[in-house]
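The following briefing is meant to be read alongside the sequence and the coordinates. It takes the helices and their packing in turn, and then some individual residues.

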Amino acid sequence: MSTTADPLAALAALPGVADSVDAVREAVDRVYGHRVMRRRSNEVTSEAALRGARGSAALAGADWALEEVRRRSDFGSEGEPRTVGAALRLTAEAGQLLSVWRQSPLRVLARLHLVAAGGTEVADTVGRPRLAGEPVEEPLIELTLPDADEVAGRLDGLARLLLAGSQAPALVTAAVVHGELLALRPFGSYNGLVARAAERIVLVGSGLDPKSICAAEVGHAELGAAAYAEALKGYVSGTPEGMAAWIAQCGRAVELGARESTAVCEALQRGAA
């Protein structure tokens, strides 16, 4: 990233990023302007949370149908049920951490990992960045893994960047948080789920999506794991073109999440008619 006083704002000035920011704002405004949102926004928020969790789990290798996620309750076992359960817990927890995020992003990330693990891992590895030599289990992300020292330094830098504040649009900040966590994979497991939950926290806490109805996880899943991984390579490259492509990917995901919630609004409106 740029070494300017406000590196996030510098990213916002990259070619094409302003178009992504404008498209996201229009999509978010459109769904918030739907008449159903005036009376039944809590229902839309709940449905967006479920669909977002399903999308995040799909990108972690548990691609279940929405109705399967809705009806199942056996999330304590190994494999895909465990992944879906972790995604559901994270989505529920994210909304409770907004005030803490503004004061201590690293504390929130530790909490998110603890919630995702759900008591299923060795206690002393949960909720802290990995140490040298500790393995990482992260489906679908095959990039070179930074060592523990680099992880610690970059996490500290990310936290300082967030606490310093920025004039950058929420989309840019959310994309950087998401991309940095995926690039670093700071925990032994569930890094993708944690990264996507952190992206959601930024989008909600910034005021762009205060009711948490534009689930970017839905869009990321719809765009597909291959596109997701390819765009992440652009972020990791650090080139202006690669960074802009990653931000555009995240923007498109938010747009698709907003579209999904618009469809939910339409369904609720038809049901009420």
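Helix α2 (residues 17-32) consists of 16 residues and spans 23 Å from its first C-alpha to its last, close to the 22 Å expected at 1.5 Å a residue, where the expected span is 1.5 Å times one less than the number of residues. This is a predicted model, in which local features need pLDDT of at least 70 and side-chain atom pairs count only at pLDDT 80 or more, while totals for chains, interfaces and linings use all residues. Residues are numbered from 1 along each chain as its sequence is written, and side-chain values use heavy atoms, with hydrogens and water left out. Helices are DSSP runs (H or I, at least four residues), numbered from the N terminus.

- The buried residues of α2 include V17, S20, V24, A27, V28 and V31, buried meaning under 20% relative accessible area, exposed over 50% and partly exposed in between, with a 1.4 Å probe and protein chains only.
- Seen down the axis of α2, its buried residues fall within an arc of 95°, so they line one face of the helix; the arc is that of the directions from the helix axis to the C-beta atoms.
- An α-helix has 3.6 residues a turn, so residues three or four places apart point the same way.
- On the other side of α2, D19 and R30 are exposed.
- S20, which is found in helix α2, has a relative accessibility of 12% and therefore counts as buried.
- When neighbours within four places in sequence are left aside, S20 is in contact with L171 and A248, contact meaning heavy atoms within 4.5 Å.

- The axes of helix α3 (residues 37-59) and helix α5 (residues 80-94) come within 8 Å and cross at roughly 135°; axes are lines fitted to C-alpha atoms, for helices over the stretch in contact, and angles run from 0 to 180 degrees between N-to-C directions.
- α3 and α5 are therefore oblique to each other, given that angles under 35 degrees count as roughly parallel, over 145 as roughly antiparallel, 65 to 115 as roughly perpendicular and the rest as oblique.
- The crossing in which α3 passes α5 is right-handed; a crossing is right-handed if the near helix is turned clockwise from the far one by less than a right angle, and left-handed if anticlockwise.
- On the α3 side this contact is made by A49, L50, A53 and A57, and on the α5 side by T83, V84, A87, L88 and T91.
- α5 also packs with helix α7 (residues 105-117), at an angle of about 140° and with the axes 8 Å apart.
- That angle makes α5 oblique to α7, and α5 passes α7 in a right-handed crossing.
- Here A86, R89, L90 and E93 in α5 meet R111, L112, V115, A116 and A117 in α7.

- α9 has 15 residues and reaches 21 Å from its first C-alpha to its last, close to the 21 Å expected at 1.5 Å a residue.
- Because 15 of the 15 residues of α9 are buried, the helix is largely enclosed by the rest of the structure.
- L158 is located in helix α8 (residues 148-164) and, at 6% relative accessibility, counts as buried.
- L158 and V176 are 18 residues apart in sequence and 8.9 Å apart in space, C-alpha to C-alpha.
- With neighbours within four places in sequence left aside, L158 is in contact with V176, V177 and E180.

**A contact across the sequence**

- A221, which lies in helix α11 (residues 216-223), counts as buried at 19% relative accessibility.
- Although A221 and A58 are 163 residues apart in sequence, they are 6.5 Å apart in space, C-alpha to C-alpha.
- Not counting residues up to four places away in sequence, A221 touches R54, G55, A58 and L59.

**Positive phi values**

- Most residues other than glycine have a negative phi.
- Just after α9, R185 takes a positive phi of about 45°.
- Y190, in the loop between α9 (170-184) and α10 (191-205), has a positive phi near 60° and is buried, with a relative accessible area of 10%.
- S212, in the loop between α10 and α11, has a positive phi near 55° and is buried, with a relative accessible area of 14%.

Note on methods. Helices (H or I, at least four residues) and strands (E, at least two) are DSSP runs, numbered from the N terminus.
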